[in-house]
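This report goes through a few local features of one structure. Please look over the sequence and the 3D view before reading on.

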Amino acid sequence: MKQLDAAPALDDASFAELRDDIARYVAGRAEEWAQRIELERHVPLELWDELRDRGYLSLAAPVEYGGRGIPFSRYLELIELFSMSHASIRMIVHVVNGTWRAMDRFATPQQRQAFVLPSIKGELKIAFTLTEPTAGTGADLRCSVEREGDTYYLSGEKHLITFGTICDYWLLFARLAGTRGAEGTVALLVDRRSPGAAVVEMDESMGVRGTDHGRLTFERTPVPVANRLGEEGQGLDIALGGFLTPSRISVAMSCVGLARRAQELAIEYARKRETFGKKLAQRQAIRFMIAENATDIEAARQLVLHAARQWERGSGDAAMLSSMSKLQAVDMLTRVTDRALQIHGGSGFWQPHAIERVYRDARAQRFEEGTNEIQKTVIARELLGSGGGSA
Ligand SMILES: Cc1cc2nc3c(=O)[nH]c(=O)nc-3n(C[C@H](O)[C@H](O)[C@H](O)COP(=O)(O)OP(=O)(O)OC[C@H]3O[C@@H](n4cnc5c(N)ncnc54)[C@H](O)[C@@H]3O)c2cc1C
């Protein structure tokens, strides 16, 4: 597949300037938002506007679409920085910089004008809507549509949908009634205000606080056939095909960024805290944990960057490498945040120590873009074929 964002739009000096600007934003203004979000348990819409106005929502999209055209592996340097911030900020930047890619591969020129470009401009919020409460993710999905003329009638349920209650459209995956497996699946852009669609906010989550997550139900909700991306039967290809590989790599880099933040906090604390007349930073046990963390983080970063470069080159290994990098990075994040909290001692278990939030936020990454079990399934399938085993 031709990579749309292959042409760099920024020279090295401008990119370095942008990276410094983001690093300053993350350490300053974003921390203020983080405190407000944790207090109010809500992401204000002004934060979306600010991220858009600063150009952070259109970093990865091509210049001809109104984006900054930053090549993918360089964009990852930026998502690494955003991931050192509050998880809700990282979530907005990651989702908006990625969703256009899922839609664009299959969009008609009219659909590109109506959905892809406004989403890049930050004028339309689009929520990726796949997971269901009563079915496995992917070919198992049960939400179904019946076609009558130029309209599909959608029935079924979805849940855990990020931005599901505030979005303008759900990019929703369903199947033609009566079909099974990947066959007959469709990708639809469903207007949140459609009749027969009901959405409620999920209960409070362990981490990624403030981001809304929706539980949706549809009862014969009309969706114009013109809002279908690709053909009937291509739904899962749109959800899980070419889009998922870069998205998994981006989530893997988010793990690297959050782990870096945990390490930063651990070092800061170890330098300050004194026990039995010595700083923690002077104790070999603590120094070893810091050394292990640094090694873990760097190993994951290099695998993530390798996966990104292979994807940019169109390598056949890219999908497997994206799963490997996600698996490796998320396990690394679990180890690093655990050690970082250990270094803080019991105090770190309480607010306002930032490690308390980082530790909670880190757990969400194990579900995003597929669990570890799913990543292992993908890797094993590449190495062994489907072999008649389980999905
Ligand atoms: C913070 C957050 C944000 C999210 N945002 C979105 C979103 O915007 N849009 C969206 O569509 N979804 C979203 N999700 C849902 C997420 O994609 C799913 O939670 C994830 O894919 C796992 O699916 P599940 O929850 O249905 O788990 P289940 O499928 O019920 O799995 C439960 C456990 O069994 C394992 N398992 C399941 N099937 C198999 C199998 N075949 N072989 C081996 N093991 C298996 C899983 O790995 C997992 O450990 C979000 C989740 C979180 C936590």
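## Terms and source

On a 1 Å grid over the protein atoms alone, a pocket is an open set of points where a 1.4 Å probe fits, with protein on both sides within 12 Å along at least five of seven lines, whereas a cavity is a set from which the probe cannot get out; lining residues have an atom within 4 Å of a point. Grid points are joined across faces, edges and corners, and a volume is the space filled by probe spheres set on the points.

The model is predicted, so local features need pLDDT of at least 70 and side-chain atom pairs count only at pLDDT 80 or more, while totals for chains, interfaces and linings use all residues. Numbering starts from 1 along each chain as its sequence is written, and side-chain values use heavy atoms, with hydrogens and water left out.

## The second largest pocket

The second largest pocket holds about 290 Å³ of space. It is lined by 14 residues, and Gln35, Glu38, Pro352, Ala354 and Arg357 are the closest to its centre. Two elements give two or more residues to this lining, α2 (29-40) and α11 (354-364); helices (H or I, at least four residues) and strands (E, at least two) are DSSP runs numbered from the N terminus. The largest share, 5 residues, comes from α2.

By class, the lining has 4 nonpolar, 3 polar and 7 charged residues. Ala, Val, Leu, Ile, Met, Phe, Trp, Tyr, Cys and Pro count as nonpolar, Asp, Glu, Lys and Arg as charged, and the others, Gly among them, as polar.

Pro352 sits in the loop between α10 (318-344) and α11. The peptide bond that joins Gln351 to Pro352 is cis, with omega near 5°.

## The ligand

Around the ligand are 13 residues, of which Phe128, Thr131, Thr162, Thr371 and Glu373 are the closest; a residue counts as near if one of its heavy atoms lies within 4 Å. This shell has 6 nonpolar, 6 polar and 1 charged residues. Strand β3 gives the most to the shell, with 3 residues.

Polar contacts are pairs of N or O atoms within 3.5 Å. A ligand nitrogen is 2.6 Å from an N or O atom in the side chain of Thr131, and a ligand nitrogen is 2.7 Å from a polar backbone atom of Phe128. For Leu160, a polar backbone atom is 3.1 Å from a nitrogen atom of the ligand.

Leu160 belongs to strand β3. Its phi is near 65°, a positive value in a residue other than glycine.

## Helix α9

Helix α9 covers residues 284-312. The expected span of a helix is 1.5 Å times one less than its number of residues. With 29 residues, α9 should therefore span 42 Å, and its end C-alpha atoms are 42 Å apart, which agrees. Gly314 follows α9 and has a positive phi, near 75°.

Conventions:
Polar contact = N/O pair within 3.5 Å; in protein donor to acceptor, adjacent residues only side chain to side chain.
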